[in-house]
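Have the picture open while you read.

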Amino acid sequence: MKLHSMLFGLIALGLTPFAAAQQPIVIKFSHVVATETPKGKAAEFFKKRAEELTGGKVKVEVYPNSQLYKDKEEMEALQLGAVQMLAPSLAKFGPLGVKEFEVFDLPFIFDGYADLHKVTKGPIGAGILKKLDSKGIIGLAFWDNGFKSFSANTPIRTPADLKAKKLRIQSSKVLEEQMRSIGALPQVMAFSEAYQALQTGVVDGTENPHSNMYTQKMHEVQKHMAVTDHGYLGYAVIVNKKFWDGLPADVRGQLDTAMKESTEYANQIAREENDNSLDGIRKSGKTQVYVPTADERLAFKRVMVPVHKKMEGRIGRELIDAIYKETAFDPSKL
Ligand code: LMR
């Protein structure tokens with residue numbers, strides 16, 4: 001096409017060549033937590049680096065705090081292409097039909113971040129992300145949050161202290177079974193509804209890493225918290241496959257770099273963010289923070305680890321065994 005006819009065509013479409021060249025590719029990145037959390041901060045970091053590295057060709061719009069979509073809706077929105085990027089908790093992939101993600105919910109399966117990274121930074125993690133392809137989704141990275149504490153309005157020292165309590169959980173069958181193992185009554189609920197449910201007594205307690213508890217002010221409506229570190233909560237950053245595959249190759253490469261940097265950043269700040277949040281919770285004086293003794297923690301471990309075996313049929317024995325091997329976890333030695 002000759003240059004003048006191309007210009008004529010653009011003007012006929014109501015676009016000046018300048019405006020046509022300037023239209024950025026928009027990535028809507030929706031999430032459910034506060035900006036001042038490991039995930040919230042990493043999303044902002046990604047926005048900054050993606051816009052810098054693409055020289056403004058990409059614009060990232062971050063929507064925190066369930067502002068745009070709640071848990072269940074955001075998954076649907078991604079598949080429909082209404083948003084392009086999410087970072088749901090690994091506990092929220094079951095309803096999508098990818099049950100393997102719930103392996104991360106198994107209580108006590110990781111002894112700390114170092115154990116966890118053997119999985120998320122290795123071939124097992126890559127294999128789990130790959131399972132999303134068939135759902136029209138690409139898994140780009142794992143982002144850390146941290147290890148969960150329990151909260152309630154009565155003291156928590158032993159598993160029996162949570163017996164018959166209604167505890168809010170994420171939409172994971174493993175978490176349901178975990179709560180049943182201690183005699184509690186699991187209540188699946190969107191994250192955006194948890195604070196009010198705790199405040200009004202619809203539920204008696206919950207579990208989450210400290211950064212989520214603190215930024216949602218859950219500690220203001222809970223009298224007790226036990227730092228049990230009984231399970232992990234982290235994220236998979238995911239994109240709509242059609243959108244991602246349709247990006248110009250150079251732009252996709254730049255976004256891959258931005259994602260690598262953001263992942264390093266997320267995983268570097270997660271522990272400290274959670275430690276700072278625990279400090280904040282303690283200083284608030286609104287909830288009493290209890291750190292269980294080694295024996296008390298072992299009592300939780302003994303009743304909760306049998307959940308691994310119970311959930312074998314759902315998650316796959318091979319996957320659980322592969323993780324045991326990687327982290328040298330031996331359920332018979334408790
Ligand atoms: C929750 O629902 O408790 C968490 O998944 C929220 C989050 O995204 O960290």
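Ala164 lies in the loop between β5 (149–152) and β6 (166–169); strands here are DSSP runs marked E of at least two residues, helices are runs marked H or I of at least four, and both are numbered from the N terminus. Ala164 has a phi near 65°, a positive value in a residue other than glycine. Is Ala164 buried or exposed? With a relative accessible area of 54%, Ala164 is exposed, because exposed means over 50%, buried means under 20%, and partly exposed is in between (1.4 Å probe, protein chains only).

A quick word on where this comes from. The model is predicted, so local features need pLDDT of at least 70 and side-chain atom pairs count only at pLDDT 80 or more, while totals for chains, interfaces and linings use all residues. Residues are numbered from 1 along each chain as its sequence is written, and side-chain values use heavy atoms, with hydrogens and water left out.

Now hop to Lys217, in the loop between α9 (210–215) and β9 (224–226). The phi of Lys217 is positive too, near 60°, and at 43% relative accessibility this residue counts as partly exposed. Phe101 sits in the loop between β3 (85–86) and α5 (113–120), and Phe101 counts as buried because its relative accessibility is 0%. Phe101 and Ala236 are 135 residues apart in sequence, yet their C-alpha atoms are 9.3 Å apart in space.

Next comes helix α7 (residues 173–181), whose buried residues include Val174, Leu175 and Met179. At the start of α7, a side-chain oxygen of Ser172 comes within 3.2 Å of the backbone nitrogen of Val174. Just after the helix, Gly183 has a positive phi of about 80°.

Finally, the ligand. Its surroundings include Val32, Ser89, Phe191 and Tyr235, where being near means having a heavy atom within 4 Å of the ligand. By class, this shell has five nonpolar, four polar and three charged residues.

| Residue | Distance from polar side-chain atom to ligand oxygen |
|---|---|
| Lys92 | 2.7 Å |
| Gln170 | 2.6 Å |

How much of the ligand does the protein bury? Taken alone the ligand exposes 270 Å², and the protein buries 100% of that.

Key
Polar contact = N/O pair within 3.5 Å; in protein donor to acceptor, adjacent residues only side chain to side chain. Areas by Shrake-Rupley, 256 points an atom, 1.4 Å probe, with all protein chains shown as cover. Nonpolar A, V, L, I, M, F, W, Y, C, P; charged D, E, K, R; others polar.
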